[in-house]
Amino acid sequence: MKADVLAGRHVLFVMAAETEYGAQLRRRISPLITGIGPVEAAVSLTATLAHLQGRGELPELVVSLGSAGSRSLEQAAVYQVSAVEYRDMDATVLGFPKGQTPLLDLPARIALPLRIPGLPAATVATGASVVSGAGYDPVAADMVDMETYAVLRACQRCGLPLIGLRGISDGVEELSRLSDWTQYLHLVDERLADAVDRLEQALLIGAIRL
């Protein structure tokens, strides 16, 4: 596995599933496909970064991209992640705030400071469950996914910056079958590809400094 070169910088793109890796993205990037969910994302990316570090080939930037659910954001639109939280973590019975990992010096919501000009930003809550209908009620973030927080923790171990890009594939209506998730992925692919182009331009002109 090697990072892509974008505007002369080494960027590792990370995606969960081949299903999200459409024709437009295939023309631009060669991502690490981790598998779906926080466990698969953490294991796959950590192993890959350790391998690259051993060869002296760590990327300068990691970009986590793919689909997300939201019942409030525009369907099929792409948002960059402004902050991420771990919605599965709940140690409130021990006196810790919901979302905060016990004995880990991190807040429940972690900001991602890098921004691509021209793209709207939104918060994301990562967890291992598919959220639908009333499942959104306890979620404070704008959107939900299954990998970004895990990717962030792996990046933090290696001191790497992260940009998160998510296209809204579902959320307005309740999910009942796989096609409810996949029906808009072709539009998400096109708009994620545009976001990658915007990232390249931002790196070229110095709007994003690594």
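A contact here means heavy atoms within 4.5 Å. By that criterion, Thr34 touches Val14, Met15, Ala16, Glu40, Ala41 and Ser44, with residues up to four places away in sequence left out of the list. The structure is a predicted model. Thr34 sits in a loop, between β3 (32-33) and α2 (38-54). Among its partners, Glu40, Ala41 and Ser44 carry numbers that fall within the range of α2 (38-54). Thr34 has a relative accessible area of 8%. The cut-off for buried is under 20%, so Thr34 counts as buried.

The chain as a whole was examined next. The protein chain has five helices and nine strands. Along the sequence, these elements follow the pattern β-β-α-β-α-β-β-β-β-β-α-β-α-α. The radius of gyration of the protein chain is 16 Å. The globule rule gives 17 Å for 210 residues, a close value, so the chain is as compact as a globular protein of that length. The C-alpha trace spans about 45 × 40 × 30 Å along its principal axes.

Among contacts in the protein chain with a separation of 6 or more, 72% join residues 24 or more positions apart. Of the 210 residues, 50% count as buried. Thr34 is one of the buried residues.

Aromatic pairing was searched for across the whole structure, and one pair was found. The partners are Tyr86 and Tyr149. Their rings are stacked, with 5.1 Å centre to centre and 15° between the planes. Tyr86 belongs to strand β5 (residues 78-86), whereas Tyr149 belongs to helix α3 (residues 148-158). The pair therefore ties together parts that are 63 residues apart in sequence. Tyr149 is buried, at a relative accessible area of 7%. Tyr86 is partly exposed, at 24%.

The protein chain exposes about 9,700 Å². Carbon and sulfur atoms supply 52% of that area. The protein chain carries 18 positive and 24 negative charges.

How values were computed: Residues numbered from 1 in each chain as written. Predicted model: local features only at pLDDT ≥ 70, side-chain atom pairs only at ≥ 80, totals over all residues. Heavy atoms only, no water. Helix = DSSP H or I, 4+ residues; strand = E, 2+ residues; numbered from the N terminus. Buried < 20%, exposed > 50% of the residue type's maximum accessible area, 1.4 Å probe, protein only. Phe/Tyr/Trp six-rings, centres within 6.5 Å; stacked < 30°, edge-to-face > 60°. Rg over C-alpha atoms; globule rule 2.2 N^0.38 Å. Areas by Shrake-Rupley, 256 points an atom, 1.4 Å probe, with all protein chains shown as cover. Lys, Arg positive; Asp, Glu negative; His and termini not counted. Charge placed at Lys NZ, Arg CZ, Asp CG, Glu CD.
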